[in-house]
Amino acid sequence: PPPFRYEKPVGALDTLLLVLVRSWDFGFHCPAVTWHQFPRCAKGRAHWLILDELVGSDLEYDKLAEAVFVQQARNFPRHHAGVTLDCGDIAGRQKSDRGPGPMVRLASPPWSLSFRYKRCNLEPGLALIRACLQETCECGLPTLQINRRCSVLIDALAGGYHYPQPLPGKPEKDVPHKDGYYDNVADSARYAGENFFREASLDPALLREAARQTYNDSFQSAPASPWDWMHP
């Protein structure tokens, strides 16, 4: 793929008065969570904003959730549970020898999270991110923008998450190297793309309908068009 261009997708992004999406990649040694929004521009096209990241170290699912809630309260004080959606890969629901998966556990009090999930195959998700990074919308803005505070994700996209170098006499591997660090935050972003952006780019009502059951009157002052498509 073309080299990552810092000047195109990376910048200081404002948080919009829209639904906030958290995307989780579970794992004890290096879990990762990223925060996203999916507005539509004046041309009616869906955009993908990656606003924040949390990359943990040696955290069980409950301690990870505590860290996520603390960071969200600090960086997104207007986005409480009623205007936040969670997503991930279906593997987060799978039972292991340690019991139910973290998505199942976090559905119980005191967390009471409801996850949107699907089987997020690797190559289609990577292709989606690559396409979004290269695309500039008719409105003049990049389709995918990343807040500059997402330093680990930016480093991952700039080469930290990469395909292994081919070795003489051995076939080339067609999947990126899993280093246990960059691949986790990249996977978190990929899950958000698969669970929300892919469909939001086709269906403007997706996030509005997904959030309808938990929305309340917290955001009475609706943002001006073209962002108000996210409101019920």
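Q: Where is Gln-145 placed?
A: Strands are DSSP runs of E with at least two residues, and helices are DSSP runs of H or I with at least four; both are numbered from the N terminus. Gln-145 sits in strand E7. This is a predicted model, where local features need pLDDT of at least 70, side-chain atom pairs count only at pLDDT 80 or more, and totals for chains, interfaces and linings use all residues. Residues are numbered from 1 along each chain as its sequence is written, and side-chain values use heavy atoms, with hydrogens and water left out.

Q: Is Gln-145 buried or exposed?
A: Start with the scale. Buried means under 20% relative accessible area, exposed means over 50%, and partly exposed lies in between (1.4 Å probe, protein chains only). Gln-145 has 15% relative accessibility, so it counts as buried.

Q: Which residues is Gln-145 in contact with, leaving aside neighbours within four places in sequence?
A: Contact means heavy atoms within 4.5 Å. Gln-145 is in contact with Pro-9, Leu-13, Trp-48, Leu-49 and Ile-50.

Q: What about Gln-37: where is its place, and is it buried or exposed?
A: Gln-37 belongs to strand E3, residues 32-37. Its relative accessibility is 0%, so Gln-37 counts as buried. Not counting residues up to four places away in sequence, it touches several others, among them Leu-18, Trp-48 and His-79.

Q: Which backbone oxygen lies 3.2 Å from a polar atom of the side chain of Gln-37?
A: That oxygen belongs to Leu-18.

Q: How many helices and strands are there in the protein?
A: There are six helices and seven strands. Along the sequence, they follow the pattern β-β-β-β-α-β-α-β-α-β-α-α-α.

Q: What order do the strands have in the open sheet?
A: First, the general idea. Strands of a sheet pair through backbone hydrogen bonds, either parallel or antiparallel. Here, two strands pair if DSSP finds at least two bridges between them. The open sheet has seven strands in the order E1-E7-E4-E3-E2-E5-E6, and its pairing is mixed.

Q: Which strands stand at the edges?
A: Strand E1 (10-11) and strand E6 (115-118) do. Each has a single partner strand, so one side of each is left without a neighbour in the sheet.

Q: In which sense do E3 and E4 pair?
A: They pair in the antiparallel sense, over six bridges. Take Val-33 as a case: its bridge partner in E4 is Leu-54.

Q: Which residues touch the most other members of the largest nonpolar core?
A: In soluble globular proteins, nonpolar side chains tend to be buried together. A nonpolar core is a set of buried Ala, Val, Leu, Ile, Met, Phe, Trp, Tyr and Cys residues joined through side-chain atoms within 4.5 Å. The largest one here has 25 residues. Phe-38, Trp-48, Ile-50, Leu-144, Ile-146, Leu-153 and Phe-197 touch the most other members. Helix H5 (182-200) is one of the elements that give two or more residues. H5 gives the most, with five residues. A second, separate core has 19 residues, including Trp-35, Leu-54, Met-103 and Trp-111.

Q: How many salt bridges does the count come to?
A: A salt bridge is a side-chain nitrogen of Lys or Arg within 4 Å of a carboxyl oxygen of Asp or Glu. By this rule, the count is eight. One of them joins the side chains of Arg-45 and Glu-135, at 3.1 Å from N to O. Arg-45 lies in the loop between E3 and strand E4 (48-55), and Glu-135 in the loop between helix H3 (122-134) and strand E7 (144-147), so the pair ties together parts that are 90 residues apart in sequence.

Q: Where do Arg-149 and Asp-52 lie in the chain?
A: Their side chains meet in a salt bridge, 3.5 Å from N to O. Arg-149 is in the loop between E7 and helix H4 (151-160), while Asp-52 is in strand E4, 97 residues apart. Arg-149 is partly exposed at 37%. Asp-52 is buried at 3%.

Q: How many disulfides does the count come to?
A: A disulfide is a covalent bond between the sulfur atoms of two cysteines. The test is a pair of cysteine sulfur atoms within 2.5 Å. The count is zero. Cys-132 is buried, with a relative accessible area of 3%. Cys-150 is buried too, at 0%.

Key: A polar contact is a pair of N or O atoms within 3.5 Å; within protein, one must be able to donate a hydrogen and the other to accept it, and residues adjacent in sequence count only if both atoms are side-chain atoms.
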